[in-house]
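Biologist: I am new to this structure. Could you please show me the model before we talk?

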Amino acid sequence: CTQIELVGDRVRAHFDSDLIPAPGQFLLARLIPAFDPYLRRPLFPTQIAHSGFAVVLSPTDPALKALVPGAKIDLIGPVGAATPDFPSRTRVLLVADSDPSALLPFAARVVAQGGTATLLLSTHYPLDALDPEIELRIGDLPTLAAEFAPSADLVFICAGRALHRPIHRRLTEARSFVSREYARALVTCPMPCGTGACGACAVKTIHGWKMACVDGPFFSLTELDT
């Protein structure tokens with residue numbers, strides 16, 4: 001851990017690491033000394049660089065007790081299925097009900113490739129934690145998703161499962177065709193092992209049960225059995 005900084009009402013922690021996740025992936029961190037291999041928690045990067053990454057945490061997150069500059073954190077990963085590279089000038093739509101942290105690497109990638117990113121939120125979020133090139137809209141997520149769907153090439157969602165079906169319905173109403181790859185949703189669940197061995201992260205899809213830490217954690221919205 002190289003730096004801790006305040007961003008609005010949240011805390012950003014920076015790490016130097018040889019383990020560099022791609023957008024859509026995460027790392028498993030052991031933040032307390034223990035021999036139990038399952039006492040790890042997922043860290044989703046908000047910023048990714050060649051020499052490390054950063055994560056944004058709430059000020060009450062217990063992890064902050066262990067994250068001080070100079071502290072060494074036990075990590076394994078990257079974990080999860082990386083998202084394929086985007087074509088240049090991709091227009092990406094990000095949808096989050098409260099915390100968009102896990103979606104921000106997608107925005108960084110498309111902006112670097114000459115594309116655009118629009119973030120839809122249902123509540124306010126610190127502007128200091130966002131790239132100024134990201135367009136931000138706040139309101140009812142299914143309604144906003146329908147408004148922006150016609151101009152979006154890809155959609156990434158970080159919201160409660162109760163919102164998956166309403167958002168999917170509004171996306172399909174707004175577009176004549178929604179492909180399997182068009183919209184992906186992050187499924188949040190315990191992911192202690194990172195290999196699919198413990199079964200704690202099983203996700204029901206139309207093709208059967210999948211493991212979020214191996215097959216996800218972002219799943220096609222059309223395939224989730226919600």
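**A strand residue and an open sheet**

Modeller: Let us begin with Asp16, which lies in strand β2 (residues 10-16); strands (E, at least two residues) and helices (H or I, at least four) are DSSP runs numbered from the N terminus. This is a predicted model, where local features need pLDDT of at least 70, side-chain atom pairs count only at pLDDT 80 or more, and totals for chains, interfaces and linings use all residues. Residues are numbered from 1 along each chain as its sequence is written, and side-chain values use heavy atoms, with hydrogens and water left out.

Biologist: Is Asp16 buried or exposed?

Modeller: Asp16 is exposed, at 57% relative accessible area (buried is under 20%, exposed over 50%, partly exposed in between; 1.4 Å probe, protein chains only).

Biologist: Which residues does Asp16 touch?

Modeller: Leaving aside residues up to four places away in sequence, Asp16 touches Thr2, Ser51 and Gly52, contact being heavy atoms within 4.5 Å.

Biologist: Turning to the open sheet, what is the order of its strands?

Modeller: The 6 strands run β10-β9-β8-β11-β12-β15, with mixed pairing; two strands pair if DSSP finds at least two bridges between them.

Biologist: Which strands stand at the edges?

Modeller: β10 (135-138) and β15 (218-220) do; each has a single partner strand, so one side of each lacks a neighbour in the sheet.

Biologist: How many bridges join β9 to β10?

Modeller: There are 4, and β9 (residues 116-121) and β10 run parallel. Thr118 has Glu135 in β10 as its bridge partner.
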